[in-house]
Amino acid sequence: MIALISGRTQSRGTGHQVLRHLKVRLGLAIFALMLIGAAAHPLLQATIWNGQESIYGPETGHDRDLEHPTGPSLAHPLGTDALGRDVLSTLTFSLAPALQATVLAALLVGLLSITVGSLAAYFRGWVDLAVTSIGDAFTLLPPTIALLVVGVGKPAFGMIDAGLLFGLLYGLGPAALVIRSRALSVIEKPFIDAARIAGAGSGRIIGTQMLPHLLPYAGIQMMGAAIGALTSVAFIQYLGATDQSRVGLGSMIYTAIDIQPVLPTGYGSFNMGDFHARIGWTSLLAAGLAMTLIAAAFYLIAVGSRDAVIPNARR
Amino acid sequence: MALSSPQVSEKEAGSGLGLLAFLLRRVVASFVSLVVFVAGVFVLIDLLIPYDNAAINAGDSVSLGFVDYMAGLARGDLGLSYGGAPVAGLIAEALPTTLFIFATGGILAYLLGSWLGRIVEWRSGRIQGGMATAVGLVFYAMFPPLLIFLLVHFGRDPLLSARSALGLPSDSLVVFRDAGFDEASLVSFGGWALLVTLLVVLIARALGRRMGWRLLPALVLPAALVGMALAVAYLGIGRQVLDVFFFRSSREVEIGAGSPVLAVVAFLLVAFGEVMFVWRAGIADERSEDYVLTARAKAVPEYLIRDRHVARNVALPVLARSFAALPFLLTGLIIIEYQVQIGSCALSQGAECVHWSGGLSTTLFSAVRNADTPVIVGVLVTMGVLLLVLRLVAETAQAALDPRIRLGTRD
């Protein structure tokens, strides 16, 4: 490998390489689409849906003229769910908290894992011991479970709290261990010795020599954190869906599949058709697709960045 | 295999002493991890769950002092729940269900994922590879409640309708009325029989590969499946097995008691992608090695190069990375268990139901809803200890097979 003494020039060139990569562009485009969707909600509320909170409110809206759930129509482009809420309104309303939690978790994981992992590999000794001990311990506490324990049934626990807690546990746990392991192999490379001999200090070696090699792997960890945080937050919303305090992608799925008709007594007399007629397909599809697209955006950006920086990287 | 550290003699590397020293180091490290982990759980509970402070400060029978708790943990005592029942007892009741689904689904996911990973990556067609990646990712990232809904709606329900259309009894009560045994015993016995069979299959495959017997690894799984089918036919319980396997009657919808089989299938779908990706990465790393070229030059058949040469070299890193994914798979399982609602029929309407007790998920969520802190801590600690033990087993297996790991020359 060519020695990377001129780290800054290299980083700038790498940045262009990353942005030119097809997967990264596709991922960014999907992400931008989600952001536009989230931004559309306040705009629509202020314009087209202005003064119609009782119909288009994402939490308590209900169109009394229709029997719900309904399919797409002019008044409700994505239909309504079983509770009579406009699916486009709930979807655009739900994107913001989902994006907040995922982006926050991903950024925190990137920041923590790179900082802690590279410091552990560079200084070794007690720093390394502390990082690996904490990392090993945090690996035993899956962040999603911690989030469910803390967040279920507590409306005060917001999606930003969820993103922060997830990022903290994942960033100091499994992500830190992976980045430390990568940093240990980077630090053995000849260009690190070359930088030392050239008189570079610890900060410069970590910042300009090690960092570019760790970023692609941190990107993969950030993707894992984003997808994990997305599922966790959605599940908290799913569990809290009944009290209508948490409208989100998870509660959209709950409303679509778990709002069941009043069941007749007796085992044989239940008619499956009653149940199927109540499934809010548009709500289900919209929320499922939004979650898949957010996950896909993070995947494409992370994998594309890594492929651009390390062309022979394995999956 | 050459040792990269010149200070260590080959004699020491090959001896059991090296392995023992490694094991000792890992046990000590695991103990430190456990202490930090339990402390972390205490901090989490103390700082983030406000309702608990009063109970802790009151100093009543529910003692959650850290030192007391660690001493209790060493004796297997996890304290008392707010309801007065020993937490360890509640967990012991729930653990078999979770372990059953985890083990059965995990083994099936490993078999499917490793097979797909090897086949797809070895042929390396772009379309096949892309499709496998997409399918694996979709299941891996899919919201578990949505996955279970799709399984029920597009899998179980059409089968239920088909059974009614064929004029067969469409209710589990009818299916089991004259059978002479109930669903509970069938699910329980059949489930454990399936798990034991799968374990035997795994061991036989590993043994066959190691000893160089070609037919055993290839035939043991089909043979086990045929054997199970013959056993079911001989006992004349086909209709009941199918009922438990696919249909589980209309009352499942009514009272919300899910089938462990549904949970196993959902867990299999969530988990196989991870194994497949790891296998593919491993195969991709190894396929261009010199020994593969040599084997090809000697006209060794492709499947033999793949399964007997490359797969052996890939197996170890795959094991390590699969175990690294265990915490996330366990998380998926907890959500799946919740959604399938295993064991919840005991809570509903006093209806007759399968006595398959709820898993850790049921215990955890009921504790979270009741703010029963000792049970929450108990479940978290149990999961942590479970993961710790599995990690220790994996590390020991790796160290036994790869001297570089136990000598610390390979991270």
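**A quick tour**

Modeller: Along the sequence, chain A reads α-α-α-α-α-α-α-α-α-α-α-α-α. This is a predicted model, where local features need pLDDT of at least 70 and side-chain atom pairs count only at pLDDT 80 or more, while totals for chains, interfaces and linings use all residues. Residues are numbered from 1 along each chain as its sequence is written, and chains are lettered from A and ligands numbered from 1 in the order in which they are written.

Colleague: How many helices and strands does chain A have?
Modeller: Chain A has 13 helices and zero strands. Helices (H or I, at least four residues) and strands (E, at least two) are DSSP runs, numbered from the N terminus.

Colleague: What share of chain A is buried?
Modeller: Buried residues are 50% of its 315 residues. Buried means 20 or more other C-beta atoms within 10 Å of a residue's own, exposed means 12 or fewer, and partly exposed is in between, with C-beta atoms placed from the backbone.

Colleague: R124(A), buried or exposed?
Modeller: R124(A) is exposed, because 12 other C-beta atoms lie within 10 Å. R124(A) sits in the loop between α4 (87–123) and α5 (125–139) of chain A. Its phi is positive, near 45°, and it is not a glycine.

Colleague: Why point that out?
Modeller: Because most residues other than glycine have a negative phi.

Colleague: Which residue in chain B has a positive phi without being a glycine?
Modeller: A371(B), at about 55°. A371(B) is in the loop between α17 (360–369) and α18 (373–401) of chain B. With 16 other C-beta atoms within 10 Å, A371(B) is partly exposed.

Colleague: Switching to packing. What is the angle between α16(B) and α17(B)?
Modeller: About 80°, with the axes 8 Å apart; α16 covers residues 326–340 of chain B. Axes are lines fitted to C-alpha atoms, for helices over the stretch in contact, and angles run from 0 to 180 degrees between N-to-C directions. So α16(B) is roughly perpendicular to α17(B), a term for angles of 65 to 115 degrees.

Colleague: Which residues make that contact?
Modeller: I334(B), E337(B) and Y338(B) come from α16(B), and L360(B), S361(B), T362(B), L364(B) and F365(B) from α17(B). Contact means C-beta atoms, placed from the backbone, within 7 Å.

Colleague: And confidence in chain B?
Modeller: Chain B averages a pLDDT of 77, and 81% of the residues score at least 70. pLDDT is the predictor's confidence in each residue, from 0 to 100. In chain B, helix α12 (residues 251–255) is lowest, at a mean of 43, and helix α14 (residues 290–297) is highest, at 90.

Note on methods:
Parallel < 35°, antiparallel > 145°, perpendicular 65-115°, else oblique. Contact = placed C-beta atoms within 7 Å.
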